[in-house]
Amino acid sequence: MTKRNGTRRSARHAWCAVVVVGPVLLAGCSGDGDGNDIPPTATGTLEELAAQAHCEPKLQTDAQELRQANCATEDGRYVLATFATDRGQREWINEANDYGGSYLVGRRWVAVSDAAVIAALRGRLGGTVETASPHHSGSGGDGANEAGHSGHPGS
């Protein structure tokens, strides 16, 4: 009987060790696989985020609910936007999704560009990547009427 209780106790100790040490071991393996660690998601004003991304922002919109700037770095060009509210950010992203593209999303900020630029920015700003497919509309289904759609250039 003593052996049986000792086995249970050993199993319980082993389980506790897995529960305590397991997350530590997993944390060491949580990188994205290419050796690049993603930093914690950045926060701050448009200017603070731009500085962290190594960008001199060219302000395009300076309103209470939205500040938006064009940025260019060695990685490429992108748009950086900050929002007064979470709801305003989500509404902006939902509308922007109609145009397609890649979005790096943080708390009340978004960077928009192609996938390669977004990947490089994520290494500086953290955040979550969202990708949208472009929305297509047209009367014949062949895209012939897309130039007149308000969500496309040339309209």
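Of the 155 residues of the protein, 28% count as buried, where buried means under 20% relative accessible area with a 1.4 Å probe and protein chains only. The model is predicted: local features need pLDDT of at least 70, side-chain atom pairs count only at pLDDT 80 or more, and totals for chains, interfaces and linings use all residues. Residues are numbered from 1 along each chain as its sequence is written, and side-chain values use heavy atoms, leaving out hydrogens and water.

The protein contains four helices and six strands, these being DSSP runs (H or I of at least four residues for helices, E of at least two for strands) numbered from the N terminus. Along the sequence they follow the pattern α-α-β-β-β-α-β-β-α-β.

The six strands form an open sheet in the order E1-E2-E3-E5-E4-E6, with antiparallel pairing; two strands pair if DSSP finds at least two bridges between them. Strand E1 (58-62) and strand E6 (128-132) are the edge strands, each pairing on one side only. From one strand to the next, the twist averages 20°, with axes taken as lines fitted to C-alpha atoms and angles running from 0 to 180 degrees between N-to-C directions. E1 is joined by four bridges to strand E2 (residues 66-73), and the two run antiparallel. Within this pair, Thr61 stands opposite Gln68 in E2.

A search of the whole structure finds one disulfide, defined as a pair of cysteine sulfur atoms within 2.5 Å. This disulfide joins Cys55 to Cys71, with an S to S distance of 2.1 Å. Because Cys55 lies in the loop between helix H2 (46-52) and E1 while Cys71 lies in strand E2, the pair ties together parts that are 16 residues apart in sequence. The torsion about the S-S bond is about -85°, so the disulfide is left-handed. Both cysteines, Cys55 and Cys71, are buried.

The largest nonpolar core has 17 residues, and those with the most contacts inside it include Tyr78, Leu80, Leu104 and Trp109. Such a core is a set of buried Ala, Val, Leu, Ile, Met, Phe, Trp, Tyr and Cys residues joined through side-chain atoms within 4.5 Å. H2, E2, strand E3 (76-83), strand E5 (109-113) and helix H4 (115-125) each supply at least two residues of this core, and H4 gives the most, with four residues. Apart from this core lies another, of 10 residues, among them Ile93, Ala96, Tyr103 and Val105.

Terms used. Buried < 20%, exposed > 50% of the residue type's maximum accessible area, 1.4 Å probe, protein only.
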